[in-house]
Amino acid sequence: MLFRSDLEADLLPIARTTDSALTIAASAGSGAKTLGEWVALARANPGKFNAAGGAGVAEMSVRAFIKEQKLPVTFVPYRDIVQAGGDLAEDRLQLLSSSLAVAQPHVDAGKARFVAVATSARSPVAPDIPSAAEQGFPTIGYESTVGFYGPAGMSLALRERIAADIMEVLKDQGVVKRLADTGQAVVAEGPAQLQAVVKRQQVDMSRLAAILDMPKKE
């Protein structure tokens with residue numbers, strides 16, 4: 001049985017706007033250049049590596065990744081994921097799954113390295129970073145989609161009109177560039193496509209929850 005959320009009862013999809021380029025970065029001090037190298041180093045140094053992920057699916061995927069790979073790694077929770085970026089730079093944290101914007105300054109400073117994008121395929125805003133899935137670690141790969149939703153009862157005709165307006169805005173190359181600078185790849189789609197993404201994400205979340213032995217929500 002899939003996890004169900006109030007989203008299904010209370011909200012209706014209007015438009016898919018962007019996919020986030022969520023990244024996995026390793027500290028420079030860890031010595032890892034790929035996600036596979038990081039896994040090997042973590043196993044070779046039991047109890048010495050720490051990992052973190054942004055709130056929500058990023059946290060779940062990192063926890064599931066550690067458990068599935070049986071890694072002797074400590075997961076560190078953060079209220080402020082920006083602080084985690086600083087700890088990554090200082091090698092107090094050896095792996096971080098977060099938005100590209102959180103890790104990029106530390107990568108630019110040479111204190112961290114992108115080892116993967118936490119997606120099933122490469123992101124168009126970071127095409128040189130291999131995905132976790134293509135490196136053989138699909139557990140830490142997931143979609144992170146941004147979209148607009150309306151209240152239950154909103155007509156399909158109204159949702160489609162709003163979606164059309166949103167898609168018109170997303171044709172502006174200035175908007176596209178500003179979004180890309182924050183790690184957002186524009187994916188302008190309507191209600192049906194956003195609903196399909198939500199269904200796929202429910203499957204992914206259920207898979208992660210099963211690995212973590214989380215109780216099902218009836």
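Let's start with R16, an arginine that is buried in this predicted model, its relative accessible area being 8%. The cut-off explains the label: buried means under 20% relative accessible area, so R16 at 8% belongs there. Which residue does R16 pair with? R16 forms a salt bridge with D19, and their closest N and O atoms lie 2.7 Å apart.

Now follow the chain to another pair, K67 and D213. Their side chains meet in a salt bridge, with 2.8 Å from N to O. Where do the two partners sit? K67 is in helix α3, which covers residues 57-68, while D213 is in the segment after α8 (191-211). The two residues are 146 residues apart, and the pair links distant parts of the chain. How accessible is each partner? K67 has 38% relative accessibility and counts as partly exposed, whereas D213, at 60%, counts as exposed. The dividing value here is 50%, since exposed means over 50% and partly exposed lies between that and 20%.

Is K171 buried or exposed? With a relative accessible area of 56%, K171 is exposed.

To finish, step back to the whole model.

Methods: Residues are numbered from 1 along each chain as its sequence is written. This is a predicted model: local features need pLDDT of at least 70, side-chain atom pairs count only at pLDDT 80 or more; totals for chains, interfaces and linings use all residues. Side-chain values use heavy atoms; hydrogens and water are left out. A salt bridge is a side-chain nitrogen of Lys or Arg within 4 Å of a carboxyl oxygen of Asp or Glu. Buried means under 20% relative accessible area, exposed over 50%, partly exposed in between (1.4 Å probe, protein chains only). Helices (H or I, at least four residues) and strands (E, at least two) are DSSP runs, numbered from the N terminus.
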